[in-house]
Amino acid sequence: MKFFIDTADINEIRAANELKILDGVTTNPTLIAKTGRPFMEVVKEILEEIPDKPVSLEVASTDYEGMIKEGEMLAQLGKNVVIKIPVTIDGLKAVKYFEYKGIKTNVTLVFSPAQALLAMKAGASYISPFVGRLDDISHTGMELISQIRTIIDNYGFNSQIIVASIRNPMHVIESALIGADIATIPYKVISQLIKHPLTDIGLERFLKDWESVPDKPF
Ligand code: G3P
């Protein structure tokens, strides 16, 4: 299972990259806006830090021509840039266009298996179902991941599932149990994954008991 980080904050990306478990980055207009910095400045820094793993950059237009223009421009910024496109009619046409040209796409704002199926048929490299936002409206977000996994496996589609809108460690674990290809995780949740109170208590006891060991070699 691959771990992407879901942020445009370069400090978070650098910190996650130092852990040596990072397989890619996803951004969206909200995450870019949160940085309060110019788009190109942010993107260049991210691509310098992550030059050889997928970095999803989202188009801002909603019409086909606009998406093509923006996607072409973004794709030129690096060979690892993945064009993130919303799951709309124009979006699916744009996915088809980019995939034909050998440019990878990430279909975003996916909330139903029907939308995911259309994205697969359009040839999307990645599909991003938003589990947290479904949970927010009293749906079980993880059910969507199971459904998409089943559809991909039934027909052998090439699209990979990026579980997005992750809010807690359980979303990551459930994604792994279902067999999602990728989880894109906020930095806060990456930090939470390592934590367990019994590990802290156990470590404290080991350190204390170690003090009483005679003739220690280190
Ligand atoms: O990158 C898209 C997705 O992960 C957004 O998450 O927390 O805004 O629902 P959230």
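Modeller: Gladly, and let us begin with the overall picture: the protein chain holds eleven helices and eight strands, and please keep in mind that this is a predicted model. The C-alpha trace spans about 75 × 40 × 30 Å along its principal axes, and of the 218 residues of the chain, 43% count as buried. The accessible surface comes to about 11900 Å², of which 57% belongs to carbon and sulfur atoms.

Colleague: Among contacts between residues at least 6 apart in sequence, what percentage join residues at least 24 apart?

Modeller: The value is 56%, taken among contacts in the protein chain between residues at least 6 apart in sequence.

Colleague: How many aromatic pairs does a search of the whole structure find, and why is the pair of Phe-4 and Tyr-126 called edge-to-face?

Modeller: The search finds five aromatic pairs. In the pair of Phe-4 and Tyr-126, the ring centres are 6.3 Å apart and the planes stand at 70°; since a pair needs centres within 6.5 Å and an edge-to-face pair needs planes over 60 degrees apart, the pair is therefore edge-to-face. This pair links distant parts of the chain, with Phe-4 in strand S1 (residues 2-6) and Tyr-126 in strand S6 (residues 126-129), 122 residues apart. Both Phe-4 and Tyr-126 are buried.

Colleague: What makes the pair of Phe-111 and Phe-130 edge-to-face, and which parts does the pair tie together?

Modeller: Here the centres are 5.5 Å apart and the planes are at 65°, so the pair is edge-to-face, by the cut-off of over 60 degrees for the planes. Phe-111 lies in the loop between strand S5 (105-110) and helix H6 (113-122), while Phe-130 lies in the loop between S6 and helix H7 (131-136), so the pair ties together parts that are 19 residues apart in sequence.

Colleague: Why is Phe-111 called partly exposed, whereas Phe-130 counts as buried?

Modeller: Buried means under 20% relative accessible area and exposed means over 50%, with partly exposed in between. Phe-111 has a relative accessible area of 31%, so Phe-111 is partly exposed, whereas Phe-130 has 7% relative accessibility and therefore counts as buried. Leaving aside residues up to four places away in sequence, Phe-111 touches Phe-130, Arg-133, Leu-134 and Leu-144. The C-alpha atoms of Phe-111 and Arg-133 are separated by 8.7 Å, although these residues are 22 residues apart along the chain.

Colleague: How do H6 and helix H8 pack, and what classes of residue make up the contact?

Modeller: H6 and helix H8 (residues 141-155) pack at an angle of about 35°, with their axes 10 Å apart, and H6 passes H8 in a right-handed crossing. On the H6 side the contact is made by Pro-113, Ala-116, Leu-117 and Met-120, and on the H8 side by Leu-144, Gln-147, Ile-148, Ile-151 and Ile-152. By class, the contact has eight nonpolar residues, one polar residue and no charged residues.

Colleague: How do you know whether Ala-124 is buried or exposed, and how is Ser-125 classed?

Modeller: Ala-124 has 3% relative accessibility and Ser-125 has a relative accessible area of 11%; the cut-off for buried is under 20%, so Ala-124 counts as buried, and Ser-125 is buried as well. Ala-124 lies in the loop between H6 and S6, and Ser-125 has its place in the loop between H6 and S6 too. Among the residues that Ala-124 touches are Glu-99, Thr-105 and Ser-159, and those touched by Ser-125 also include Glu-99, Thr-105 and Ser-159.

Colleague: Which value of phi does Ser-165 have, and which does Asp-215 have?

Modeller: Ser-165 has a positive phi of about 60° although it is not a glycine, and Asp-215, likewise not a glycine, has a positive phi of about 50°. Ser-165 is in the loop between strand S7 (160-163) and helix H9 (169-178), while Asp-215 is found in the segment after helix H11 (197-211).

Colleague: Then what makes Ser-165 buried and Asp-215 exposed?

Modeller: Ser-165 has 11% relative accessibility, and so counts as buried, whereas Asp-215, with a relative accessible area of 79%, is exposed, because exposed means over 50%.

Technical notes: Residues numbered from 1 in each chain as written. Predicted model: local features only at pLDDT ≥ 70, side-chain atom pairs only at ≥ 80, totals over all residues. Heavy atoms only, no water. Phe/Tyr/Trp six-rings, centres within 6.5 Å; stacked < 30°, edge-to-face > 60°. Helix = DSSP H or I, 4+ residues; strand = E, 2+ residues; numbered from the N terminus. Buried < 20%, exposed > 50% of the residue type's maximum accessible area, 1.4 Å probe, protein only. Axes fitted to C-alpha atoms, helices over the stretch in contact; angles between N-to-C directions. Left-handed = near helix turned anticlockwise from the far one by under 90°. Contact = heavy atoms within 4.5 Å. Nonpolar A, V, L, I, M, F, W, Y, C, P; charged D, E, K, R; others polar. Areas by Shrake-Rupley, 256 points an atom, 1.4 Å probe, with all protein chains shown as cover.
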